[in-house]
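Please open the structure in a viewer and keep the selection tool at hand.

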Amino acid sequence: MQQIRAAITAVNAYVPEYVLSNAELEKMVDTNDEWIVSRTGIKERRILKGKGLGTSDMAVPAVEGLLKKRGIAAEEIDLIIFCTTTPDMPFPASANILADKIGAINAWGFDLNAACSGFIYGLTTGSQFIESGKHQKVLVVGGDKMSSIINYEDRATCIIFGDGCGAVLLEPNTEGLGIQDAILKSDGSGGQYLNMKAGGSANPASHETVDAKEHYAYQEGQAVFKFAVTNMADVAAEIMERNQLTADDVAWLVPHQANKRIIDATANRMGVGPEKVMVNIEQYGNTTNGTIPLCLNDWESKLKKGDTLILAAFGGGFTWGSVYLKWAY
Ligand code: UT7
């Protein structure tokens with residue numbers, strides 16, 4: 001029997017309309033366009049406006065567009081893995097909320113939280129259900145409404161993050177295409193450098209936690225940068241080595257979009273030229289779980305069947321990893 005691999009058979013994404021430019025941020029905090037562009041590569045990011053709207057409200061248009069592209073109904077989905085750090089609420093899971101909103105009545109689902117590495121963790125998890133032969137259609141959604149946990153008085157974090165959501169469909173492939181390998185890692189001792197202190201069971205919401213601004217993302221930028229730049233490059237190089245891939249074999253590097261300097265370091269380490277690197281950080285900033293599917297969607301028309309893609313991410317946890325896949329359509 002031929003080996004079943006999990007292949008991406010459709011991708012789609014959604015970003016909210018509102019554009020938060022560097023010029024607008026200059027009016028909110030002590031920063032400037034030159035600093036932001038030279039240190040991060042970001043020019044603007046999207047923000048989801050509207051009372052009561054959450055991450056699932058970006059997932060709905062992303063997934064509905066995906067189903068249309070693939071020509072299937074929501075009822076056909078077996079499983080939804082919703083990768084997010086900003087679920088609509090602590091429970092029920094955003095996967096359940098999304099299933100209800102789109103009419104995926106035959107799907108079970110769960111949320112997966114691995115911060116900025118969430119999408120590659122989710123892709124790898126979803127692939128197991130396809131490879132086992134137990135599921136035929138697995139939806140992996142990656143998205144965040146980062147604006148809901150950002151302090152727009154903190155110049156160290158508010159310039160980086162944005163809102164957005166993407167989704168891919170995984171289906172069985174017996175032609176040797178799809179996900180070939182994955183290396184996933186974590187180191188919980190890094191949690192001190194990037195976290196949100198309150199709102200969980202250890203520090204539930206209270207007047208004190210609100211006053212202490214503990215419901216916002218906290219990041220020690222330089223410390224995170226140091227780990228990110230080495231680990232994301234190392235893991236991408238490791239997956240290439242393990243699969244005997246040279247830079248010539250790689251059609252595209254699909255990196256998490258946290259900082260253009262981290263992306264460049266990863267590409268350099270792999271020996272891959274800038275023409276093969278998907279970068280849209282300029283337009284969307286760091287959408288956390290959304291960055292990789294947003295890239296895949298923006299580059300979809302350029303991708304060819306059989307192309308070798310290396311996905312790589314690093315994020316809070318710390319979590320990081322890389323996925324090697326062959327594009328299937
Ligand atoms: O996606 C999840 C993982 N996250 C990441 O991978 C993010 C990793 N970290 C980073 O991308 C970078 O550390 C940042 C973009 C967050 C910050 O860049 P940096 O080059 O590490 O800056 P820094 O924190 O070392 O600050 C350098 C200087 C400081 O001033 P002094 O002390 O040298 O006078 C900061 O106060 O820049 C100042 N600064 C700013 N200046 C203008 C910090 N933020 C800003 C700002 N505008 N927004």
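**The ligand and its surroundings**

Select arginine 155 together with the ligand: in this predicted model, an N or O atom in the side chain of arginine 155 lies 2.8 Å from an oxygen atom of the ligand. On its own the ligand has 950 Å² of accessible area, and the protein covers 74% of it. Now extend the selection to the 24 residues that surround the ligand; the closest are Thr31, Arg39, Gln222, Asn259 and Asn286.

**The sheet**

Turn to the open sheet of 4 strands, which run in the order β8-β13-β12-β11 with mixed pairing. Select β8 (178-186) and β11 (252-255): these strands stand at the edges with a single partner strand each, so one side of each has no neighbour in the sheet. On average, neighbouring strands are turned by 15 degrees against each other, direction ignored.

Then select β12 (residues 308-315), which pairs with β11 in the parallel sense over 4 bridges. Within β12, isoleucine 310 is the bridge partner of leucine 253.

**The helices on the sheet**

Which strands does helix α5 (residues 118-131) touch? This helix packs on the sheet against β8, β12 and β13 (319-326), and its direction makes about 130 degrees with that of β8. Finally, select helix α8 (residues 221-242), which packs on the sheet and touches β8, β11, β12 and β13. The direction of α8 makes about 150 degrees with that of β12.

Definitions and conventions: Residues are numbered from 1 along each chain as its sequence is written. This is a predicted model: local features need pLDDT of at least 70, side-chain atom pairs count only at pLDDT 80 or more; totals for chains, interfaces and linings use all residues. Side-chain values use heavy atoms; hydrogens and water are left out. Two strands pair if DSSP finds at least two bridges between them. Helices (H or I, at least four residues) and strands (E, at least two) are DSSP runs, numbered from the N terminus. Axes are lines fitted to C-alpha atoms, for helices over the stretch in contact, and angles run from 0 to 180 degrees between N-to-C directions. Contact means heavy atoms within 4.5 Å. A residue is near a molecule or strand if one of its heavy atoms lies within 4 Å of it. A polar contact is a pair of N or O atoms within 3.5 Å; within protein, one must be able to donate a hydrogen and the other to accept it, and residues adjacent in sequence count only if both atoms are side-chain atoms. Accessible areas come from the Shrake-Rupley method with a 1.4 Å probe; for residues, only the protein chains shown count as cover.
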